[in-house]
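Thank you for making the time this morning.

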Amino acid sequence: MEYNVEKQHAKGKLHAIERIHALVDKDSFMEIYSGVKHNCTSFGMDKKDIPYDGVITGFGTINGKKVAVYAQDFTVQGGSLGKMHGDKIAQLIDMAIDARCPVIGINDSGGARIQEGVNSLAGYGELFYQNVRASGYIPQISIIAGPCAGGAVYSPGITDFIFTVDKISYMFITGPKVVKSVMFLDITEEDLGGGTVHSQKSGVTHFRCPDESDCYSKVRALLDYIPHYYGESVSAQKFKFDEKKKAKKIEAVIPERSTQGYDIRDVIDCVTDDDSFFEVASEFAVSVVTGFARVEGKTVGVIANNPAGLGGIMNCDASDKAARFVRYCDAFNVPLLNLVDIPGFIPGPQEEQKGIIRHGAKLIYAYSEATVPKVTVITRKAYGGAYIAMCSKHLGADFVFAWPKAEIAVMGAEGAIQILYAKELKDPAQAQLVAQKTQEYKDTVMTPKTAAERGYISEVINPAETRAKIAQCFRLLDNKKPTAKIEKKHGNIPL
C-alpha cells in the first residue's frame, strides 16, 4: 500500500505506518481492516477515495508481548473520524479485550468528519463505549502525535496514560479560531493545548516527550512495568540493590530542621531496586510523586508526598493525581508503596472554592477501596486528615512503619499550642510555660510511639531498615486475598 510519507515529514512528523513500526517489535505488525471504505455520499464524498478510512489498525508485539495498535493518518482526509473510522478503532478495542492485550492509540486527527454529520458522532460514541468497557481490564495508552480536538479528546481522556510530543501535540475541546470568535481572544495552539499546558497545568497528560522516538521508547518501557490484562502477574525482573550505599544515603536524607524541604525521590531511590523508578505525571501537582518501581524485581506503584514541591502539601490537583494512580494500580493488582511526609491539606479560600473537600475525598475513597497489598512508611510529618488520607492503618494499610523522628498528630506542635494556650501566648511572663508545653506536646502526642501503642503503627523502624521491611512485607502479602465486600453494584466516588 502507498502512503503519503513525505507530506508528514514536511511537518516534522512521522507517518502513521512509520509510527507503528517505530513502536512495535520489528516485522510484528499485522494490519486488519485495511480495505474498509467510508459510505458517505454527502458534499461530494461519494467521489472521494479515503484509503483504510484514514486509520491503520492491527496487532503486533512489544518486547515480545501482543498489543493492539491504531494510528490515525493525517495525510488522508486530515485523519478525520467518520463512522467507519470510529468503528474500526472500536472493533479493535473489542478484539483486544477478547485477546487480553493492551491498546495503544496514536492520535493525529482534524476531529469529526463534518460531511458525515451525526454518523461521525456515532463513530466517536462507539469508540468511547469500548474505551469504558476496556477500562480496568486491559491497559489503554494514548499517544497524541498531532492535533486532537473536539470530541476526539475524550477517548484519550478515558484511557490510562497519555503521551505527548513537544511541538506537534495539541489537545483542546475548541481550537484557537473558535476561542477567538467566542471570547475575542487570540491564542496559539501551543498555549491553548500544547504538551506543556497539559503536562504541567491541566494534568491531562502523563508524559511529555521531546520527540517521537523518545515517546515510543517510553511507551515500550512503561509496558514492561504493568500487567497487560487484569489477572496477569508481571514476571519478576533481575534486579540490583546496593544495600550499603543506599543505607548510608537514606540516613542522611531528612534535614535537621523539620521545616526544611528535601526531594522524596531520594527516599524512593533508597528503598526500590537500583534505577527502577519510572515516574508518571512528573510535571503535574509536584507536591506528590507517583510512578512505578520494582522491589526485588517485582512492580509496585509508588505514591509519595514531596516536601521539595510546595512542602508536600495536598491540594486539589495532588489529590486527583494520587487518587487516579491508586485506582489504576488497584484495578490491575499492582501493590502500593506509600511514602508519607505531609503537613496537611492546603488551607485558604482558593482551594476551598475549587473543592478541596471533594478532591481530598477522592483520595480517601481510592485508598479505602483498594484491596491490593498496601505498605506505608511515615518518614517525617503526618498531620490531621492528610495523615488518614495517605493510606493510614485506618484506610486499610496492611503495614504502616514510621521513622523514629516522625510526627503524627492533628497538627504541628506550634499550631496546637497556639490553640491550647492562646491566653498564655499573650503574656510574655508565660513564655517558659509555653515552651515547656510545646516540648511536652512533641514528646507525648506527636511521637510515633504513641501511635504504635494504639496499634496504628506496625513498627517504629530506623531509616536504614526501610528497604528490608518493605521487601519482606510485599513477600508476605504476595497472595493477599481481598476481604469480603458488601453486596452492591458499586460505590459512588465523589467525582
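How do α2 and α9 lie relative to each other: parallel, antiparallel, perpendicular or oblique? Before I answer, please keep in mind that this is a predicted model. Helix α2, residues 16-23, and helix α9, residues 212-225, have axes 9 Å apart and pack at an angle of about 45 degrees. Angles under 35 degrees would count as roughly parallel, and 65 to 115 as roughly perpendicular, and α2 and α9 are therefore oblique to each other. Their crossing is right-handed. On the α2 side the contact is made by Arg19, Ala22 and Leu23, which meet Glu212, Tyr216, Val219 and Arg220 of α9. Sorted by class, the residues of this contact are 4 nonpolar and 3 charged, with no polar ones.

In UniProt, an unreviewed entry gives residues 1-238 as "domain: CoA carboxyltransferase N-terminal". This span is 37% helix and 18% strand, and its end C-alpha atoms lie 42 Å apart.

The contact draws on α3 residues including Ile89, Ala90, Ile93 and Ile97, and on α4 residues including Ala122, Gly123, Glu126 and Leu127. In this contact of α3 with α4, 7 residues are nonpolar, 6 are polar and 5 are charged.

Let me turn now to the strands. There is an open sheet of 7 strands with mixed pairing, and its order reads β1-β2-β3-β4-β5-β7-β9. Strands β1 (30-32) and β9 (207-209) are found at the edges, and each has a single partner strand, so one side of each is left without a neighbour in the sheet. On average, neighbouring strands of this sheet are turned by 20 degrees against each other, direction ignored.

Finally, the later part of the chain. From an unreviewed entry, UniProt lists residues 245-495 as "domain: CoA carboxyltransferase C-terminal". Over these residues the chain is 40% helix and 18% strand, with the end C-alpha atoms 43 Å apart.

How are α10 and α11 oriented to each other? Helix α10, residues 243-251, and helix α11, residues 264-271, pack with their axes 9 Å apart and at an angle of about 150 degrees. Since angles over 145 count as roughly antiparallel, α10 and α11 are therefore roughly antiparallel to each other. Their crossing is left-handed. Lys246, Lys249 and Ile250 of α10 meet Asp266, Val267, Asp269, Cys270 and Val271 of α11, and the contact has 4 nonpolar and 4 charged residues but no polar ones.

I am happy to go back to any of these contacts in the discussion.

Technical notes:
Residues numbered from 1 in each chain as written. Predicted model: local features only at pLDDT ≥ 70, side-chain atom pairs only at ≥ 80, totals over all residues. Heavy atoms only, no water. UniProt positions renumbered as here; feature names shortened; annotations may be inferred. Helix = DSSP H or I, 4+ residues; strand = E, 2+ residues; numbered from the N terminus. Axes fitted to C-alpha atoms, helices over the stretch in contact; angles between N-to-C directions. Left-handed = near helix turned anticlockwise from the far one by under 90°. Contact = heavy atoms within 4.5 Å. Nonpolar A, V, L, I, M, F, W, Y, C, P; charged D, E, K, R; others polar. Pairing = 2+ DSSP bridges.
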